[in-house]
Every structure is written in C-alpha cells, then in structure tokens.
Amino acid sequence: MTPAGVRPLRGCYSSSGLDNLVFFASSKMNSGLLNFPESNVAGFHRRDKNVGLSFVNAKSPLLQPMKATQDQRTDYMNGEARKIGGSEEEFRDDCAGAYGKSNGIMSTVGNSTNIVWHECSVGKHERQKLLQQRGCVVWITGLSGSGKSTLACLLNRGLYKREKVSYILDGDNVRHGLNSDLSFKAEDRAENIRRIAKLFADAGVICIASLISPYRRDRDACRAVMTDGNFIEVFLDVPLHVCEARDPKGLYKLARSGKIKGFTGIDDPYEPPLNSEIVLKHEEGSASPFDMAEKVILYLEEKGLLRA
C-alpha cells in the first residue's frame with residue numbers, strides 16, 4: 001500500500017545497464033523523466049516538492065526490482081505487478097525513449113526544431129477497434145444563431161445512446177481555455193480551427209466541431225489534413241434574417257449598433273460551403289433539430305463510421 005502523500009511512480013532500467021533506473025512520474029506542478037544510479041534510490045523514501053516526484057526504496061515492496069520489467073515485461077505501479085501484453089520487440093519499441101533510442105528522424109516543424117515523432121505499437125487502428133467506431137470530424141458550420149450548438153448537443157446525445165464515443169468542440173467553449181489567446185481576426189479564426197480537430201479523430205473519437213468558421217479556405221484546409229473520408233462538413237443553411245431574428249446571444253443587436261466590429265454576416269463575410277456532405281436547410285415546416293441530428297447519425301452509419 002502506498003504511504004500517504006506519495007504519488008504513483010513508474011520506472012524501468014536504462015540502456016546503460018541494470019545499475020541505472022529511469023523513473024517516470026508526474027504531478028500538477030511538473031512532469032519528467034529522471035535517470036540515476038540505483039544506489040542513489042535504494043534505502044530512502046522521500047517526496048521532492050520542487051519537482052513533484054516521489055521516490056521510494058527500489059528494493060522495498062512498494063517498488064519491486066525493476067529487472068522484472070526487462071525479463072518479464074511486468075509493469076509495477078504502487079507495488080502491484082501487472083503483465084504487459086505484446087512481444088519483447090513491441091515493448092522495447094514503445095519504451096525506446098527510456099532505453100535512449102529513437103524511432104524517427106530529427107525534424108523542424110514551424111517554430112519547433114530538433115523534434116522527433118515517437119511511434120507506438122498502439123495506433124489509430126487499434127484504438128478504433130477498441131472503441132468499435134472510426135475516428136472522424138463532423139464539422140458543423142453556419143451563421144451565429146443558425147443552431148450549430150443545439151445540433152451538436154443533440155448529435156452528441158444520439159451517439160451516446162448508441163454507445164459511441166464523441167466529443168464536442170464548440171467555437172466559444174474552446175476560446176475559454178485552449179484558444180483563449182486568440183481574437184476574432186481572420187488569421188486567428190484560421191488558427192482557432194487549425195488547432196482543434198485532428199487529434200480527436202486520431203484518438204478514434206467522433207469529434208463534433210461546432211464553429212461559424214466563415215472562410216472557405218480554412219474549412220478546406222482542415223479537410224485537407226484529414227484522410228479516408230473522415231471529414232464530414234454539415235452546413236446549417238439558415239438565412240441571415242432568421243438568425244438575426246433569433247439572436248440568442250444578443251450579438252446581432254450589438255453588431256448593428258457598432259459595438260461589435262467584424263461580426264460575421266454584418267460587416268464580415270460568411271462564405272457558404274460549396275460541396276458539403278450534409279446540408280440542413282431552414283424552411284417553414286422543416287425538420288426539427290432532433291430530426292437533423294438523426295439525419296447526421298444515419299449518414300455516419302451509412303459511411304461505416306459507427307463500426308470499426
């Protein structure tokens with residue numbers, strides 16, 4: 001049993017021999033990897049508040065001798081042994097960083113230099129098989145007030161009832177956290193879009209992106225980085241006068257009075273999609289939001305996205 005105040009600690013031996021230990025640990029303060037002689041670990045048990053790591057006696061029941069990690073591919077967490085599946089080769093590939101090896105080549109991407117992509121034997125295909133669905137992005141675009149957030153929530157609920165894993169990336173919501181540094185200038189709107197969707201799809205999740213995304217080039221750029229038909233553009237084709245009459249956030253009124261500048265549909269353009277996979281039109285007596293969500297789910301089923 002772990003002593004009070006000690007965080008879970010995980011480790012394995014490094015490539016330099018069985019005298020060196022590599023420990024992985026994390027806390028709210030920091031996270032990292034330490035490589036130091038076993039003799040420096042055995043015999044004491046303390047918590048380092050500066051880096052947020054907990055060290056335990058490597059020979060105690062709290063952390064069994066790490067040679068088992070190499071010989072038996074056993075993972076020790078809080079003194080409990082758990083077998084790791086897969087071959088020795090797969091284990092060494094996934095633990096390449098701890099063994100001082102690299103599976104990739106050095107790259108420069110944007111402003112990041114000397115970076116290496118680390119591959120893992122558990123990839124997108126394995127995650128999709130586990131979840132019994134295919135990762136994809138359902139991109140809902142339309143004017144403010146067109147019903148994007150309502151549709152996203154109903155779609156999310158419908159998928160949940162079918163035991164599918166989905167996640168909503170709402171344009172306003174992501175600006176509360178991840179994208180709080182961005183404005184509504186054209187270049188920042190493009191960045192707001194660029195950051196958010198592909199990783200979820202790669203994780204095997206059905207990502208529901210609910211964004212005005214007014215510029216065609218930015219939506220097309222997102223489509224270009226997706227593959228295998230897993231980008232589904234849903235256009236809520238609702239006229240400006242209808243959206244303005246709804247004005248659920250009071251933004252059109254502020255834009256008309258000049259208190260908001262660069263507002264889409266008023267003094268900034270909205271470029272409607274030309275070839276959306278799904279177009280949901282606003283018409284008198286048209287389908288309800290529930291029916292619209294079901295139409296999207298039916299499309300996903302027909303395209304085989306709701307099965308691995």
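## Around Asp 247

Set aside the residues within four places of it in sequence, and Asp 247 is in contact with Tyr 252 and Lys 253. This is a predicted model, and it puts Asp 247 in the loop between α9 (240-246) and α10 (251-256).

Asp 247 is buried but makes no salt bridge: Lys 253, the nearest side chain of opposite charge, sits 7.6 Å away. What the Asp 247 side chain does reach is the backbone nitrogen of Tyr 252, at 3.0 Å.

## The chain as a whole

Zooming out, the protein chain has eleven helices and 14 strands. Of its 308 residues, 39% count as buried. Take the contacts between residues at least 6 apart in sequence, and 59% of them join residues at least 24 apart. The chain exposes about 17,600 Å², with carbon and sulfur atoms supplying 53% of that.

## Salt bridges

There are nine salt bridges in the structure. One of them pairs Arg 162 with Glu 294, with the closest N and O atoms 3.0 Å apart. That pair links distant parts of the chain, 132 residues apart: Arg 162 is in the loop between α4 (148-161) and β11 (166-170), and Glu 294 is in helix α11 (residues 289-302). Arg 162 counts as partly exposed at 32% relative accessibility.

Then there's a network of salt bridges linking Arg 219, Arg 223, Glu 233 and Glu 277. Within it, Glu 233 bridges to Arg 219, closest N and O atoms 3.1 Å apart, joining strand β13 (residues 231-237) to helix α8 (residues 216-225). Both of those residues are buried. Glu 233 also meets Arg 223 in a salt bridge at 3.7 Å, N to O; Arg 223 is partly exposed, at 27% relative accessibility.

Key:
Residues numbered from 1 in each chain as written. Predicted model: local features only at pLDDT ≥ 70, side-chain atom pairs only at ≥ 80, totals over all residues. Heavy atoms only, no water. Helix = DSSP H or I, 4+ residues; strand = E, 2+ residues; numbered from the N terminus. Buried < 20%, exposed > 50% of the residue type's maximum accessible area, 1.4 Å probe, protein only. Lys, Arg positive; Asp, Glu negative; His and termini not counted. Salt bridge = Lys/Arg side-chain N within 4 Å of Asp/Glu carboxyl O. Polar contact = N/O pair within 3.5 Å; in protein donor to acceptor, adjacent residues only side chain to side chain. Contact = heavy atoms within 4.5 Å. Areas by Shrake-Rupley, 256 points an atom, 1.4 Å probe, with all protein chains shown as cover.
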